Amino acid sequence: MMIQFLRENAYAPYGLFIVRLYLGFVWLQAGWEKIADGHFDATGFLKGALEKASGDHPAVQPWWADFIASFALPHVEFFNALVPWGEFLVGLGLILGCFTSLALLMGLVMNFSYMFSGTTSTNPQMVLIGMLLVAAGVNAGKIGLDRWVIPFIKGQILDKKLRSIAINK
């Protein structure tokens, strides 16, 4: 019943817009601070996560610690660029309501990555808000650029398919 309301109610997009703006500003601010500082380095965070993978009740599971040790740390320069720009672009996408579902998915991936690394902070709150917006589906981006961008893209794809069918006949 709640999901149906979020997806179909004519007034739901207005509330979702406010929630989306809030979440977008949180992401945008987090990313911009790292970009503007120019010295973001995830090495300390990743090494700290590895330290949380030991003991009787580890905060970081062994499989995630293996990922950090074997992939993330050796490629930390990639993550040093990916994290700030990823956070910034997720925020921008949510604020503009452009590719909202993709922005939400990428935001949730980052939130879960941070939580897998043993950090809570605002991540659980952001996951709940993100999931609410994902449940709303298209309505989450109705007040935003998705209103025009998604139909345009669908039209381009349909156009391409129709041309392909016409050529193959």
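**Stop 1: two helices crossing**

Select H3 and H4: H3 passes H4 in a left-handed crossing. Left-handed means that the near helix is turned anticlockwise from the far one by less than a right angle; clockwise would be right-handed. Helices here are DSSP runs of H or I, at least four residues long, numbered from the N terminus. H3 covers residues 43-51 and H4 covers residues 62-72. They pack at an angle of about 145°, and their axes are 9 Å apart. The axes are lines fitted to C-alpha atoms over the stretch in contact, and angles run from 0 to 180 degrees between N-to-C directions.

Now show side chains. On H3, the contact is made by Leu46, Ala49 and Leu50; on H4, by Ala65, Ile68, Ala69 and Ala72. Contact means heavy atoms within 4.5 Å.

A note on the model: it is predicted, so local features need pLDDT of at least 70 and side-chain atom pairs pLDDT 80 or more, while totals for chains, interfaces and linings use all residues. Residues are numbered from 1 along each chain as its sequence is written, and side-chain values use heavy atoms, leaving out hydrogens and water.

**Stop 2: the faces of H3**

Stay on H3. Select Thr43, Leu46 and Ala49, its buried residues. Buried means under 20% relative accessible area, exposed over 50%, and partly exposed in between (1.4 Å probe, protein chains only). Look down the axis of H3: the buried residues fall within an arc of 130°, so they line one face of the helix. The arc is taken from the directions between the helix axis and the C-beta atoms. H4 and H5 are among what covers these residues. Turned away from the buried side are the exposed Gly44 and Glu51.

**Stop 3: the cores**

Next, select Leu16, Leu23, Trp27, Leu94 and Leu133. These have the most contacts inside the largest nonpolar core, which has 18 residues. Such a core is a set of buried Ala, Val, Leu, Ile, Met, Phe, Trp, Tyr and Cys residues joined through side-chain atoms within 4.5 Å. H2 (12-37), H5 (76-96), H6 (100-116) and H7 (123-136) each supply at least two of its residues. Which helix gives the largest share of this core? H7 does, with five residues.

A second, separate core has 10 residues, including Ala42, Ala49, Trp64 and Val76.

**Stop 4**

Pick Asn111 in H6. Asn111 is buried, at 1% relative accessible area. Beyond four places in sequence, Asn111 touches Trp27, Asn123, Met126 and Val127.

Move to Ser117, in the loop between H6 and H7. Is Ser117 buried or exposed? Ser117 is buried, at 4%.

**Stop 4: two positive phi angles**

Most residues other than glycine have a negative phi. Select Phe99, in the loop between H5 and H6. Phe99 has a positive phi of about 55°. Finish at Ser121, in the loop between H6 and H7, with a positive phi of about 50°.
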